[in-house]
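I want to look up how the strands line up and which charged side chains pair.

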Amino acid sequence: MIDDDRLLLRDHRPVPCLTVPAHHVPRAAHAAIDAHNHLGRWLSDDGGWVVPDVAALLALMDETNVCGMVNLDGRWDDELEANLDRYDRAHPGRFATFCHVDFRECLRPGFEGRLVASLRRSAAAGARGLKVWKDLGLGFEDERSRLLLPDDPRLAELWAVAGQLGLPVLIHTADPVAFFEPVDGRNERYEELLAHPDWSFCDPRFPRFERLMEALEAVVATHPGTVFIGAHVGCNAEDLGWVSAMLTRYPNFNVDIGARLGELGRQPRAARRLLVRHPHRVLFGTDAFPPDAAMYATHFRFLETDDEHFPYCEWDPVGPQGRWAISALDLPPELLPAVYHDTAADLIGGLA
């Protein structure tokens, strides 16, 4: 008998009938560095620390074999000092805090020098890298009300000085491709965008996704002396051919896998080829905050096993980013040290 009542899509929670192996991997097979996480106050809902109990975080790290963590929330000046005191200075070798620069300065002429001066202060204080968010390209305007893109010539000195100071630039340019498409029945992230309408950039006032990728490549190409880490699989996890070409073409370009298990796991053969081809250019990272044991177990399962058709998200098995399941990569064990640890340790100072 079929229930004739019409079911709303948001209430549809299908349970797979597949019988497939399922492995639980609570600890990484090799000491890991989570190269993309947020531990500060910048992204918290109430202005407090995202991780209220640092001792509990360290216990979780020990339990899961995560020996180090990159904190991307340093901001600048007093906020940077507070993050450094709480993490890097209190627990040497376990944390590496990245700074930001205040791109709101671009509303006033001569901002170039002020941004560089801020970066130099942060480096002197102990910042281990520079974090650049998507609002560079999608949010900040200059004094002429024009959106400032990463390849704006006025930012060239900032990228060059980062290289001179030995600070890697972890850059998040654009968002998933679907966020730039019309929010209609063809959009694969339709439910997510309905829940978060402000995440949609399908508006003529924003640059197209392709233009932002061009800006990212231009910056990487123009500054070979600066190390760039493209967040979220180079900000283009939907096109791993493009990512692989970038890694081949530019030795100063690297990527992390933060918040992209959903994209990588629905193309597991292509994702595996990417990591096997570039194991020393791909960094383990989660972008899951505050971190927890279940989240890490899903990441370890994804990298280490050959499991098929399992949820990429622990708290929403249907999938908050898209209604699909993922399959694991079954990476060769000899590549795990590079992906989990060595690449991040080589690029980012201050980590054990």
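This is a predicted model: local features need pLDDT of at least 70, side-chain atom pairs count only at pLDDT 80 or more; totals for chains, interfaces and linings use all residues.

Entry 1, salt bridges. I looked up the total, and by this rule it comes to 22. I started with Arg266, which pairs with Glu188, their closest N and O atoms being 2.8 Å apart. Arg266 sits in the loop between helix H10 and helix H11, and Glu188 in the loop between strand E5 and helix H6, so the pair ties together parts that are 78 residues apart in sequence.

Arg323 forms a salt bridge with Glu191, with the closest N and O atoms 2.6 Å apart. I found Arg323 in the loop between helix H12 and helix H13 and Glu191 in helix H6, 132 residues apart. Then I noted a network: Asp142, Glu143, Arg146, Asp152 and Arg154 are joined by salt bridges that share partners.

Which order do the strands take? I read E4-E5-E6-E7-E8, an open sheet of 5 strands with parallel pairing. Strands E4 and E8 stand at the edges with a single partner strand each, so one side of each has no neighbour in the sheet. I zoomed in on E7 and E8, which run parallel and are joined by 2 bridges. Val255 has Val282 in E8 as its bridge partner.

Methods. Residues are numbered from 1 along each chain as its sequence is written. Side-chain values use heavy atoms; hydrogens and water are left out. Two strands pair if DSSP finds at least two bridges between them. Helices (H or I, at least four residues) and strands (E, at least two) are DSSP runs, numbered from the N terminus. A salt bridge is a side-chain nitrogen of Lys or Arg within 4 Å of a carboxyl oxygen of Asp or Glu.
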